[in-house]
Each structure stands twice: as structure tokens, then as C-alpha cells.
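Student: Could you take one part of this model and walk me through how its helices pack? I'd like the geometry and the residues that make the contacts.

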Amino acid sequence: MNQHPRALHGGTPPTAAAPALVPPALASLRARLDSRLDAPARAWLDRAVTEAADHPGTHGPISVWELRIAEAGRRCGHENADDARVLLLHAAHAGPEALAHVYRQGTAAERRAVLHALPHLVPGPEALPLVEDALRTNDTRLVAAALGPYAARHLDAHNWRHAVLKCLFTGVPVDAVAGLAERARADAELARMLGDHAEERTAAGRPVPGDLRRVLALTEPAATPTGTHGRSGKES
């Protein structure tokens with residue numbers, strides 16, 4: 001079913017059933033985006049969302065909505081392009097294959113938008129290769145985008161722990177790690193890794209980042225009766 005642009009707009013939807021077509025998080029994103037865009041940019045986004053909804057999927061070497069994704073920075077401003085691209089990907093019903101295509105062919109900014117769109121478009125772990133690819137890069141904005149809600153749900157413990165360490169190595173604020181408190185809680189293996197990293201920095205005469213101490217505190221298990229232990233999370 002095609003989605004009307006006003007379903008992603010802060011205004012009145014065209015029918016009573018339309019709100020169910022768009023997750024509340026994306027409706028809020030569109031409302032915030034509209035508050036930042038000028039009239040020409042809002043009109044362009046309306047047209048682009050309509051095109052994406054009317055011609056979803058992939059058509060030929062490149063789809064119309066892929067062209068709109070490429071020009072979103074110029075039309076909406078680079079500071080708003082991530083949000084605009086997420087809306088376009090959702091309107092186009094981009095699945096794992098289409099998302100992988102945009103990611104492989106896109107600029108760093110377009111790859112970042114794909115990562116932001118994953119929790120809205122892919123319910124299962126099929127898109128994890130994109131997250132893993134981003135985590136192998138040295139692009140800190142890409143690393144931060146990779147550690148959103150999709151990674152919190154689907155990234156395995158080993159890779160998630162190393163992603164947290166990569167944030168500390170590269171200076172990505174740990175606030176970028178979705179679900180950090182929940183996944184770090186009582187994780188003895190993560191605590192060991194953080195402790196080793198802190199010792200290495202201290203031995204080298206380098207300061208221990210505040211974010212490391214913060215995550216280390218999160219690994220402490222909840223208070224338990226004497227003689228009981230939380231889950232260790234130890235890797236084999």
C-alpha cells in the first residue's frame with residue numbers, strides 16, 4: 001500500500017487509517033524535521049516521499065528514490081539529510097537487499113542513513129553485515145550510527161563488546177551505544193576487557209577516559225544476596 005506524504009507530516013492525515021502506516025517514531029521524526037526545514041525543502045521532501053511510496057523497491061540500475069536520497073543533503077541541508085533519507089527509505093519499503101545496495105553504492109552520509117533506518121525497516125538480523133562493516137571502519141560517525149537500536153537487538157555479545165571498546169579507542173561517546181546499560185549489566189567479560197584496557201592506558205602514562213569508568217560501573221551486577229552471582233557473560 002502506498003503511503004501518503006501527510007502520513008509522515010505533522011499535519012492531519014488524509015484518512016483515519018493512515019496513522020497506522022507510519023511508526024510513531026518516524027512520525028515524530030518528520031514533525032521535528034519539518035520544524036527545521038524551510039518551505040521549499042518541505043515541499044521537496046513531500047514530493048520525494050510521494051515518489052518513493054509510489055515507486056517502492058528497485059527499478060532498473062537506480063530507482064527514483066535512490067536519486068532523491070543522493071540529493072537530500074543539497075535539498076534539506078546536510079544537518080537534516082540523515083532524517084530525510086530515513087523517511088525516504090521507509091516510504092520506499094526498502095528491504096535488506098535494497099538497503100545493502102544503497103549502503104554499498106552510497107557515500108558515507110548515505111551509509112549512515114541506512115544504518116539509522118535499520119530498526120524501522122528490518123525486524124530480523126538479516127542486515128547485520130552492514131552493521132559489522134560499519135564497525136570495521138575508522139569513520140566515527142559511521143561507527144556511532146552502527147550502534148543504534150538495531151545493533152542493540154541483534155549484534156552478538158562478542159562483537160558488541162568489541163564495538164564498545166572501539167568507541168573508547170576512537171573517541172565515540174558511549175551515549176551513542178543504544179541499550180548500553182541493559183547489555184552491559186553484570187557482563188563480567190566486558191568488565192575484564194575494560195579493566196585490561198584501563199591498565200594498559202595507565203601503564204603507558206595515558207589517562208583513563210571517563211566513559212570507560214562509566215561503562216565499567218554499568219557492568220556491576222544488581223545487588224544480590226550473599227553467596228549468589230549474576231550472569232558472567234564469559235566468552236568461550
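Tutor: Let's start with α5 and helix α7 (residues 128-135), which in this predicted model pack at an angle of about 20°, with axes 10 Å apart. Angles under 35 degrees count as roughly parallel, so that's the label for α5 and α7. The crossing there is left-handed. On the α5 side, the contact uses L99, A100 and Y103, and on the α7 side L130, D133 and A134. Sorted by class, that contact of α5 with α7 has five nonpolar residues, no polar ones and one charged.

Helix α5 spans residues 96-105 and helix α6 spans residues 108-121, and the two pack at an angle of about 165° with their axes 9 Å apart. The cut-off at work here is that angles over 145 degrees count as roughly antiparallel. The crossing of α5 and α6 is left-handed. From α5, the residues involved are L99, V102, Y103 and R104, while α6 brings R111, V114, L115, L118 and L121.

Y103 has something else going on: R111 lies over the face of its ring, 4.7 Å from the ring centre. If you were hoping for ring-on-ring pairs too, a search of the whole structure comes back with zero aromatic pairs.

The crossing of α2 and α4 is right-handed, whereas α5 passes α7 in a left-handed one. In α2, the residues W44, L45, A48, V49, A52 and A53 meet A84, L87, L88 and A91 of α4. Those residues divide into ten nonpolar, no polar and no charged.

Note on methods
Residues are numbered from 1 along each chain as its sequence is written. This is a predicted model: local features need pLDDT of at least 70, side-chain atom pairs count only at pLDDT 80 or more; totals for chains, interfaces and linings use all residues. Side-chain values use heavy atoms; hydrogens and water are left out. Axes are lines fitted to C-alpha atoms, for helices over the stretch in contact, and angles run from 0 to 180 degrees between N-to-C directions. Helices (H or I, at least four residues) and strands (E, at least two) are DSSP runs, numbered from the N terminus. A crossing is left-handed if the near helix is turned anticlockwise from the far one by less than a right angle, and right-handed if clockwise. Contact means heavy atoms within 4.5 Å. Rings of Phe, Tyr and Trp (its six-membered ring) pair if their centres lie within 6.5 Å; planes under 30 degrees apart count as stacked, over 60 as edge-to-face and the rest as tilted. A charge sits over a ring if NZ of Lys or CZ of Arg is within 6 Å of the ring centre and within 35 degrees of the ring normal. Angles under 35 degrees count as roughly parallel, over 145 as roughly antiparallel, 65 to 115 as roughly perpendicular and the rest as oblique. Ala, Val, Leu, Ile, Met, Phe, Trp, Tyr, Cys and Pro count as nonpolar, Asp, Glu, Lys and Arg as charged, and the others, Gly among them, as polar.
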